[in-house]
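Student: Could you walk me through how to read a fold? I'd like the general idea and then the real case.

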Amino acid sequence: MRILLFEPTKNKSIYYGLAKTFRFCGFETAMVTNKSIFEIVQEFNPDILFCEEAGRAKERYPHIMFIEELVEEAADIFSFPDIPLKPYHKSDVMYVGDYHPILNKLISSNTNFKVFSNNKFLSVNHIGPTENLKPYYLSTQVCIATEPKHVYNCIFNKTKCITNIKLGNSIDKYTFFVNNEDELVDALKLNPGDDVFIKQGYEDVISNHTYFHRSSSLFTKLGLIQESQLNPLVKPNHLGT
């Protein structure tokens, strides 16, 4: 099975999560950009092609299954290699994702917090992008996540999660939802939750919300029953979970 992902202009994290999962499962996979669909089809000859808009390519290549509809975001379990914990990883609160006004309240709270975002908005405590955050998740009391992917990743790393979004699935019951800055202050005072609560959230993620699950559901929808038999509980050694 050859799978080609034409790098999108948005929601790139979904494509990257799928690509890593496909490769781990043994599918020949490539992520391509800066070329036309016609060029990359000639070079790679895929069985499945992910792209934002296939257009006339569907008619020209009827033997290829074109996927234009995005799957739901999930925990990217391959993005958390073990990194030795250091004192500078420690914080009371970590903020992960795009800017939201609740960050203003955090800035004025005199809390020891760290900000991680791939977008360069102004923040006094901006540490860097949202990659390789496992030691920070393990060294903080609570994480504020403003994007779905970070909610999944936070709970996967067994960290209390405060968020301003609802995912509309089982994970919502393992987050502390806030609408505004005042509610954030109240949420920060809440008990992070006992070990059972944290573990239940983690188990829900690895049982239902990884890119193994998204890939399996997608293959089932395409009628590829054999390919859909992915094992979502496979955990590479470097995940340390």
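Student: How many strands form the open sheet, and in what order?

Tutor: Strands of a sheet pair through backbone hydrogen bonds, either parallel or antiparallel. Here four strands form an open sheet in the order 2-1-3-4, with parallel pairing. Strands (E, at least two residues) and helices (H or I, at least four) are DSSP runs, numbered from the N terminus, and two strands pair if DSSP finds at least two bridges between them. Before we go on: this is a predicted model, where local features need pLDDT of at least 70, side-chain atom pairs count only at pLDDT 80 or more, and totals for chains, interfaces and linings use all residues. Residues are numbered from 1 along each chain as its sequence is written, and side-chain values use heavy atoms, leaving out hydrogens and water.

Student: Which are the edge strands?

Tutor: Strand 2 (28–32) and strand 4 (65–67), as each pairs on one side only. Elsewhere, strand 1 (residues 2–6) and strand 3 (residues 48–50) are joined by three bridges, and Leu4 has Leu49 as its bridge partner in strand 3.

Student: What does helix 1 touch on the sheet?

Tutor: Helix 1 touches strand 1, strand 2, strand 3 and strand 4; contact means heavy atoms within 4.5 Å.

Student: And at what angle does helix 1 pack with helix 9?

Tutor: About 85 degrees, with axes 9 Å apart. Axes are lines fitted to C-alpha atoms, for helices over the stretch in contact, and angles run from 0 to 180 degrees between N-to-C directions. The two helices, helix 1 and helix 9, are therefore roughly perpendicular (65 to 115 degrees).

Key. Parallel < 35°, antiparallel > 145°, perpendicular 65-115°, else oblique.
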